[in-house]
Protein chains: 2
Amino acid sequence: MTSVQSPVPRDERRRRSEAAILDAARELFAEAGFERTTIRAVAARAGIDPALVMQHFGSKEALFAASTRWSKDHQSILTATPDSFAAAAIDDLLSHFEQGEHREAAVALLRNCLTHPTALAAMRDEVMCERKAAVEAGLSGDDVELRAGVFAACMVGLGMARYLIKMEPVASATAEELHRVMEPALRALVRPPATGG
Amino acid sequence: MTSVQSPVPRDERRRRSEAAILDAARELFAEAGFERTTIRAVAARAGIDPALVMQHFGSKEALFAASTRWSKDHQSILTATPDSFAAAAIDDLLSHFEQGEHREAAVALLRNCLTHPTALAAMRDEVMCERKAAVEAGLSGDDVELRAGVFAACMVGLGMARYLIKMEPVASATAEELHRVMEPALRALVRPPATGG
DNA sequence: TTCTACGGTCAACACGCGTAGAGTGAGATG
DNA sequence: CATCTCACTCTACGCGTGTTGACCGTAGAA
């Protein structure tokens, strides 16, 4: 009947706090954006004191940098053949946004990439340019780099329309429907333009 | 030699002030986003006092609403045939962003549409859905609404990549190059999917 | 000329923010 | 047990913000 003596060691407590802060920060940065998210709100959601956030991450900027991340796993695109680029890219996008682990961090990056300098640089250099390069490597014909760039731009547009702007019916479409509709368009970018008759 | 008596009537002065404020606000909202733009900075760029901004627009939110606008002129899409949708949509996008008048207002809306509630609603309801409807009206076959939605999403993705994220070579491509590369992809969305062999 | 209306400025308020430093109490260590 | 360590909290500072109301000088009306 006695309340159990706390069996939680110190470093375990610290790890849990950090995880709680990161979870709260990711959610808020993803929902409201960087500027509208306050350290106090993050702390409140994590159930701890605002000063503890500073102690863990040093600054709001550093917390933001630690909260936003786009998984670097785009093997599925790199190993795809030109014929399967389209499907692989769509799956790559969906996998980032429809599983719990990476979801909030990816939404947070996407949400802020137009207004936050760090997020913008990450989006351009670490997400889009990498995807562009992965696609580019498998293309042939004219305008290879531009076609790969437009390819990446369309994917980003799809992600924004679906997960942030939530424009219907793009937001509620199933993965299958998206593949059915989007793949032909992406294939037109992958396929070398017919130069001859 | 006497300094010329001010020939500027009062209402003309007022109109000039308002125009100067709007110009400054559009530039700053477009460059830095809503939260990072201060009334003081707008006033400084317009060469007037911060309080005058309030007197003219009442609040920062109202100034923002008056500064961001996406021209409603999408006649070129409405009057296009399914065959010319793609070209018309690209021209529609380029015309918004490459002429002085609408440019800043459109960039301001696009820049903030992921982080500002009003801008998000405007983007979804007044820009994307209208374009989607315009395209949708000319489509046939299955998934009409979704295809039109994805069409709009790709256009927005192109705009963001080109004018905000500035990913190369999309950002520096000529209009001609964009047409050459992008049109086939959009055509694949417009063309009814081949259901039979 | 005299009075009024109004475009424009000045100084300041109240608030919320990121951040810092001292303090506290429970777990680790001997 | 005594002592130290450290995760955590409390309180507060300084600053920049949106916003306000009193004030000023001049263009227009009488």
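Start with the surface near DNA strand D: by class, its residues are 7 nonpolar, 7 polar and 8 charged. The model is predicted, and every value below is computed from it.

In A:Arg10, a polar side-chain atom lies 2.7 Å from a base oxygen of DNA strand D. In B:Arg10, a polar side-chain atom lies 3.2 Å from a base nitrogen of DNA strand D. For a contact with the backbone of the protein, go to B:Ile39, where a backbone N or O atom is 3.1 Å from a phosphate oxygen of DNA strand D. Colour the elements that give two or more residues to this surface: from chain A, α1 (10–32) and α3 (50–57), and from chain B, α2 (39–46) and α3 (50–57).

**The two chains.** Chain A is superposed on chain B by a rotation of 180° with 0.0 Å of shift along its axis, at an RMSD of 0.1 Å. This is the relation of a two-fold axis. To locate the axis from chain A, pick A:Gly157, whose C-alpha is the nearest to it in that chain, at 1.8 Å. Next, select the interface residues of chain A: 100% of them are also interface residues in chain B, so the copies meet through the same surface.

**Helix α7, chain A.** Centre on A:Leu109, in helix α7 (residues 100–112) of chain A. Is A:Leu109 buried or exposed? A:Leu109 has a relative accessible area of 3%, and because buried means under 20%, A:Leu109 counts as buried. Show its contacts beyond four places in sequence: A:Thr68, A:Trp70, A:Ala119, A:Ala122, A:Met123 and A:Val127.

**Helix α7, chain B.** Move to helix α7 (residues 100–112) of chain B and take the distance between its end C-alpha atoms, 19 Å; the 13 residues should span 18 Å at 1.5 Å a residue, which agrees. The buried residues of α7(B) are B:Ala105, B:Ala106, B:Val107, B:Ala108, B:Leu109, B:Leu110, B:Arg111 and B:Asn112. What covers them includes α1 (10–32), α4 (60–67), α6 (85–97), α8 (117–136) and α9 (144–164) of chain B, together with α8 (117–136) of chain A.

Definitions and conventions:
Residues numbered from 1 in each chain as written. Chains lettered and ligands numbered in written order. Predicted model: local features only at pLDDT ≥ 70, side-chain atom pairs only at ≥ 80, totals over all residues. Heavy atoms only, no water. Least-squares fit on C-alpha atoms with pLDDT ≥ 70 in both. Contact = heavy atoms within 4.5 Å. Polar contact = N/O pair within 3.5 Å; in protein donor to acceptor, adjacent residues only side chain to side chain. Helix = DSSP H or I, 4+ residues; strand = E, 2+ residues; numbered from the N terminus. Nonpolar A, V, L, I, M, F, W, Y, C, P; charged D, E, K, R; others polar. Buried < 20%, exposed > 50% of the residue type's maximum accessible area, 1.4 Å probe, protein only. Expected span 1.5 Å × (residues − 1).
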